[in-house]
Amino acid sequence: MSQVDPFRAPEVDASDAGPGGGRRPWLVAGVAAGVLALTGAVVAAVWFLDASGGSGPDDRLGEAAADARWAEGITPEWMSEQMGLDIPVTAHSPQAAYEVTSRFDTGLLTFTLTREEAETYLKAHPPEGMWLEPTAEADVPPHDFAHFDLPEPETIEKGMRYGYVCPSADQATEDPDISGMYGTSDESCVSLYAHEYSHTRTRIYLRDHYEPGISPLPTPPLSPSTG
């Protein structure tokens with residue numbers, strides 16, 4: 001009885017030979033499947049080594065944010081102009097910041113008003129649709145408004161409402177040429193959060209995103225000479 005070597009391709013009968021010079025279809029399919037399996041194993045091995053080397057998704061996100069910086073010389077007045085939303089003269093503790101990254105920039109503005117002043121402000125700047133009461137998200141990492149030692153508005157559970165305010169919407173319908181004069185964001189809407197943090201006062205949070213480098217930043221004030 002002849003022995004069949006399991007590691008050797010069987011002899012090809014000329015009667016089974018196809019137009020490919022005698023290679024059986026099942027053999028070609030088997031070789032292709034083996035190549036795919038080997039490729040998959042190599043990819044899996046590379047992924048495993050990459051993960052074990054400490055460059056997982058969290059690290060990649062950290063690397064992407066490594067180029068982030070807070071711009072200097074940002075004033076509430078400048079940020080208000082970029083957003084197209086005024087700061088009431090009665091506002092307390094206005095603060096602004098602008099973060100620059102290679103992917104997109106983020107503008108921040110916050111101030112406090114009395115409850116009555118806040119209601120007047122919100123009526124003057126209505127949202128697209130209606131005011132919403134968000135469900136607090138405890139897993140939102142502190143970043144944006146933590147720059148002012150404030151909690152992120154998404155994490156606040158009570159007394160919060162928010163909406164998307166589009167300050168240039170009315171002007172854009174009257175004159176399309178000035179639709180972009182209120183800000184440099186692709187979207188004309190600004191995220192507005194209103195938090196009734198006490199019985200008498202409300203904090204306004206404003207956030208907008210911009211294409212990187214699209215807006216000239218203010219010149220930081222010169223440091224006093226020490227000569």
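At 42% relative accessibility, does Tyr164 count as buried, partly exposed or exposed? Select Tyr164 in this predicted model: with a relative accessibility of 42%, Tyr164 counts as partly exposed, because that value falls between the 20% and 50% cut-offs.

Tyr162 is buried, at 17% relative accessible area. The ring centres of Tyr162 and Tyr164 lie 5.9 Å apart and the planes stand at 85°, so this pair is edge-to-face.

The structure holds seven aromatic pairs. For another of them, select Trp78 and Tyr98. Here the centres are 5.5 Å apart and the planes are at 80°, so the rings meet edge-to-face. Trp78 belongs to helix H3 and Tyr98 to strand E2, so the pair ties together parts 20 residues apart in sequence. Both Trp78 and Tyr98 are buried.

Move on to the largest nonpolar core, which has 23 residues. Select Met79, Tyr98, Phe111, Tyr121, Leu192, Ile204 and Leu206, the members that touch the most others in this core. To see where the core draws its residues from, colour helix H3 (76-83), strand E2 (92-100), strand E3 (105-114), helix H4 (115-124), strand E5 (190-195) and strand E6 (201-210); each gives two or more residues.

Leaving aside residues up to four places away in sequence, Ile204 touches Leu109, Thr110, Phe111, Leu113, Tyr121, Leu122, Leu192, Tyr193 and Ala194.

Last, select Ala97, Leu108, Tyr193 and Tyr205. These are among the ten residues of another core, which lies apart from the largest one.

Note on methods. Residues are numbered from 1 along each chain as its sequence is written. This is a predicted model: local features need pLDDT of at least 70, side-chain atom pairs count only at pLDDT 80 or more; totals for chains, interfaces and linings use all residues. Side-chain values use heavy atoms; hydrogens and water are left out. A nonpolar core is a set of buried Ala, Val, Leu, Ile, Met, Phe, Trp, Tyr and Cys residues joined through side-chain atoms within 4.5 Å. Buried means under 20% relative accessible area, exposed over 50%, partly exposed in between (1.4 Å probe, protein chains only). Helices (H or I, at least four residues) and strands (E, at least two) are DSSP runs, numbered from the N terminus. Contact means heavy atoms within 4.5 Å. Rings of Phe, Tyr and Trp (its six-membered ring) pair if their centres lie within 6.5 Å; planes under 30 degrees apart count as stacked, over 60 as edge-to-face and the rest as tilted.
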